[in-house]
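Here is a short tour to follow with the model open in your viewer. Keep the selection panel handy; each stop tells you what to pick next.

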Amino acid sequence: MVSITIGENTFSAQANETVLETLLRNNMQMPHSCRQGLCQCCMMRSRDNPPPVSSQAGIKDTLRKQNYFLPCICRPEQDMTVALPNQQTASITAYVVEKQLVAAQIVRLVLTYEGSFNFFAGQFVNLKRADGLARSYSIANTPHPENILEFHIRRLPNGQFSSWVYDELKPGDALTLSDAQGNCLYVDGRAEQPLLLVGTGTGLAPLVGIINDALSQNHTGPIHLFHGGRNRDGLYLMGEMQELAATVDNFYYTPCLSGEMPEMGIATGRAHEVALTAMQTLKGWRVYLCGHPEMVNQTKTSAFLKGASLNDIYADAFHVNTPDAAASIVV
Ligand SMILES: Cc1cc2nc3c(=O)[nH]c(=O)nc-3n(C[C@H](O)[C@H](O)[C@H](O)COP(=O)(O)OP(=O)(O)OC[C@H]3O[C@@H](n4cnc5c(N)ncnc54)[C@H](O)[C@@H]3O)c2cc1C
């Protein structure tokens, strides 16, 4: 007999029972509707073992990769620890290992943590400091044997969290991490598919992680990165990206400047416009968009109109809370 654990509770599943039936029989209040794997209202996440493949039918590939499944059609084959999609389970303490200035207003922050923490490059976490102030930041690296997490954080004028990171946070200091979230990540299985990645500002962070993940999984299709900034300082990590393009045959890098005349080797204009002009069609392409919300939203539509399937467009808009919601801030 297998058992299902949710939060503090563990229940035994009866023969041939679905996970949803086990939970409902034990008076757990679970969202559900069709009970046939169609409406997806009961979707859950397995926190330990991968769920049976049949219980992931119809779920988006990025969610499948994160062990999401439909409990109404899941007959467990082994013990499972499960959680609702928005149920935060991790609250891990991480320590600053390194803080490095990579541009005038951008720091590369490296943290380490103890224990297990599941994430994919390109996802984001909420970093929380001791007084409870928390903000979302994207993970710029792939899982690392030394439990390392890398972030790129731009200091915003009077930004509470980013200015504190920039001015005060130092090696040895502690932060709390939430679960990794978001669906902007590399999914293996179509190694020959061309990839287009467009980022503004620190939108480069998740894209660097996704590129390294794709390369570590032997992605063979062309990988095109367009990174945009208003001024030269915004094009941080340019040397590293150029070096990668020089050493990896299928990686192409185009830095773009929109606010000043660029030097040789940098394209003029906004990254998404340069990218869309360069690509005749995006039919069959996978597209990743990260950074300024306006860029992300506009480019989603344009990429679709150029032929990319909606299922192949992955995006993370870096929304910043400003008192003036219409304010446009590039992080
Ligand atoms: C999914 C996601 C991923 C993200 N990833 C990254 C990342 O990788 N790197 C990164 O740098 N950022 C990222 N962000 C943005 C990040 O979460 C923060 O929003 C950003 O760092 C600003 O936080 P803050 O506390 O410094 O600024 P806040 O204190 O929240 O202030 C935001 C802005 O409002 C202005 N402001 C605040 N109060 C006032 C006031 N009274 N009057 C006038 N102006 C005011 C501030 O000057 C500032 O410019 C991401 C956001 C999301 C949603």
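Select Arg45: its relative accessible area is 15%, so this residue counts as buried (buried means under 20% relative accessible area, exposed over 50%, and partly exposed in between, with a 1.4 Å probe and protein chains only). Bear in mind that this is a predicted model, in which local features need pLDDT of at least 70 and side-chain atom pairs count only at pLDDT 80 or more, while totals for chains, interfaces and linings use all residues. Residues are numbered from 1 along each chain as its sequence is written, and side-chain values use heavy atoms, with hydrogens and water left out.

Asp179 and Arg45 form a salt bridge, with 3.7 Å between the closest N and O atoms; the term asks for a side-chain nitrogen of Lys or Arg within 4 Å of a carboxyl oxygen of Asp or Glu. Where in the chain do Asp179 and Arg45 sit? Arg45 belongs to strand β3 (residues 44-46), and Asp179 to the loop between β11 (174-177) and β12 (195-200), so the pair links distant parts of the chain, 134 residues apart. Helices (H or I, at least four residues) and strands (E, at least two) are DSSP runs, numbered from the N terminus. Asp179 is buried as well, at a relative accessible area of 11%.

Next, pick Asp167 and Arg155. Their side chains meet in a salt bridge at 3.0 Å, N to O. Asp167 lies in helix α3 (residues 160-167), and Arg155 in the loop between β10 (148-154) and α3, 12 residues apart. Are these two buried or partly exposed? Asp167 is partly exposed at 49% relative accessibility, and Arg155 is partly exposed too, with a relative accessible area of 25%.

While you are looking at charges, select Asp61, Arg190 and Asp312 together: salt bridges that share partners join them into one network.

For another pair, go to Glu17 and Arg25. Their salt bridge has its closest N and O atoms 2.6 Å apart. Glu17 is buried, with a relative accessible area of 9%, whereas Arg25 is partly exposed at 34%. Side chains of opposite charge can pair when their charged atoms come close.

How many salt bridges does the structure hold? The count is 11. Colour by charge and you will find 24 positive and 30 negative side chains, the centres of the two sets lying 6 Å apart. Here Lys and Arg count as positive and Asp and Glu as negative, with His and the chain ends not counted; each charge is placed at NZ of Lys, CZ of Arg, CG of Asp or CD of Glu.

Move on to Asn231, in the loop between β13 (223-229) and α5 (238-247). Asn231 is partly exposed, with a relative accessible area of 36%. Beyond its neighbours within four places in sequence, Asn231 is in contact with Leu257 and Glu260, contact meaning heavy atoms within 4.5 Å.

Finally, zoom out to the whole chain. There are seven helices and 17 strands to trace. Along its principal axes, the C-alpha trace spans about 70 × 45 × 40 Å. Of the 331 residues, 50% count as buried.
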